[in-house]
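Keep the sequence and the 3D view open as you read.

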Amino acid sequence: MAETVDLSAMLLRDETGRGLTGYLARPKGKGPWPGVVVLFEGAGPDAVNRRHADRMAEAGFLALMPDLYHGRGPNRCMVSVMRSVSTGRGRPYADIEAARQWLSASGECTGRIGVIGFCMGGGFALVLAGQGTYDVAAANYAQLPGDPDAALRGACAIVASYGGRDKVFRGGAAKLEAALSRAGVEHDVKLYPDAGHSFLNEADNAPPLLRPVLRTVLGIGPEPVAAADAWQRIDTFFARHLATDPTPDTATEARVEVRPEVPVEAPAATAAEPSAEAPAKSPGPAPGATPTD
C-alpha cells in the first residue's frame, strides 16, 4: 500500500512556504517495520523512482521518499539539488531529515532506519552515512563526496552498486571501496561489468527520443540481471543491520566485504539523467493519509 504524506510538520523551518510531501510505501501485514528513507535520482519522484520505494516495502521496510523537488520537476530543481550533494549543505538535507524524523516518530517504525539513494540520491546517502543518524546506507551509482575520507570516517555500514558501462561515474566503485577500507567501515561494494548507469530502474525513464543517445554515450538504462543481484544484496544487508536486536558481530564490528569485480578505473566527468516528475499532495503524516495506489 502506498500513499502521500505531509512532512511539513517535521521541518524546523519552511522558508519557501511550500511545505514538504513524501511518498510512503508500507509493507503488507502488521508492523512495526524498520524504516528506510528513499532518495531518487535526477529524474525526480516519477513512477520509476517511486517503484524503488515500493520495492523496499515489498522487502519488509517502511519506505518514505521525500519530494526534494517540491513538485516542481527536474528542469527547475535538479542542478541546485545536485549542488547540495557536492557542498554537503542546503535545503535538501533539511527535507531528508524531515523524512527520517517522520519515520522515527511513526508508531509503524521500529526506530531503526536506513537510507538508500540512486545517482544523485546515492550521493546524499553517502554523505548522510557519515553523520551518525542512520543504521545502514545503500548507494547506487552514486557521486562520491568531495573528500570521501573525511565524509566516510565513522560511517554506518554501506552497500553500494555500480555499473561497469556507466560513463557517468566511471571509477566510482574502486574509489569508494578504497575509501571505505581506509576508514574501516563495513561495506559491500560491487561493480557489474555488463550494467550501466541507472541499471536498477525497471524501465527507461529518459525522454524517448534521448534514450538511444543516453544509453550509447553515457551508458544509461535498465539491466535486469544485474539489478536482481543488487537488490538481493541490498535486502540482505539492510535486513541484517536494521534488525530490532542485531547481534554484536553484525551491529558493532567492522566487517569488510570486498568484491573482486571492482577494478581500478580512471575517473570521468559527471552528468545527470533527465526525465519527468510526479508531484504529490495529501494531508498526513499518519492515520489521515489518503491512499493513492
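Angles between axes under 35 degrees count as roughly parallel, over 145 as roughly antiparallel, 65 to 115 as roughly perpendicular and the rest as oblique. The axes are lines fitted to C-alpha atoms, for helices over the stretch in contact, and angles run from 0 to 180 degrees between N-to-C directions.

This is a predicted model, where local features need pLDDT of at least 70, side-chain atom pairs count only at pLDDT 80 or more, and totals for chains, interfaces and linings use all residues. Residues are numbered from 1 along each chain as its sequence is written, and side-chain values use heavy atoms, with hydrogens and water left out.

**The whole protein**

The protein has 9 helices and 10 strands. Both are DSSP runs numbered from the N terminus: helices are H or I with at least four residues, strands are E with at least two. Of its 293 residues, 53% count as buried. Buried means under 20% relative accessible area, exposed over 50%, and partly exposed in between (1.4 Å probe, protein chains only). Contact means heavy atoms within 4.5 Å. Among contacts with a separation of 6 or more, 74% join residues 24 or more positions apart.

| Pair | Axes come within | Crossing angle, roughly |
|---|---|---|
| H2 and H4 | 9 Å | 25 degrees |
| H3 and H4 | 12 Å | 75 degrees |
| H1 and H8 | 11 Å | 50 degrees |

Take H1 and H8. Their crossing angle of roughly 50 degrees makes H1 oblique to H8. The crossing is right-handed. A crossing is left-handed if the near helix is turned anticlockwise from the far one by less than a right angle, and right-handed if clockwise. H1 contributes His 52, Arg 55 and Met 56 to the contact, and H8 contributes Trp 231, Ile 234, Asp 235 and Phe 238. By class, this contact has 4 nonpolar, 1 polar and 2 charged residues. Ala, Val, Leu, Ile, Met, Phe, Trp, Tyr, Cys and Pro count as nonpolar, Asp, Glu, Lys and Arg as charged, and the others, Gly among them, as polar.

H2 covers residues 74–87 and H4 covers residues 120–129. These two helices are roughly parallel to each other. H2 passes H4 in a left-handed crossing. Met 78, Val 81, Met 82, Ser 84 and Val 85 of H2 meet Met 120, Gly 123, Phe 124 and Val 127 of H4. The contact has 7 nonpolar, 2 polar and no charged residues.

H3 and H4 are roughly perpendicular to each other. Pro 92, Tyr 93 and Ile 96 of H3 touch Phe 124, Val 127 and Leu 128 of H4. Here there are 6 nonpolar residues, no polar ones and no charged ones.

Where does Asp 235 lie? It lies in helix H8. Asp 235 is buried, with a relative accessible area of 15%. Leaving aside neighbours within four places in sequence, Asp 235 is in contact with Arg 55, Ala 59 and Phe 61.

Gly 60 sits in the loop between helix H1 (47–58) and strand S4 (62–66). Gly 60 is partly exposed, because its relative accessible area is 24%. Not counting residues up to four places away in sequence, Gly 60 touches Pro 27, Trp 33 and Pro 34. Gly 60 and Asp 235 are 175 residues apart along the chain, yet their C-alpha atoms are separated by 8.9 Å.
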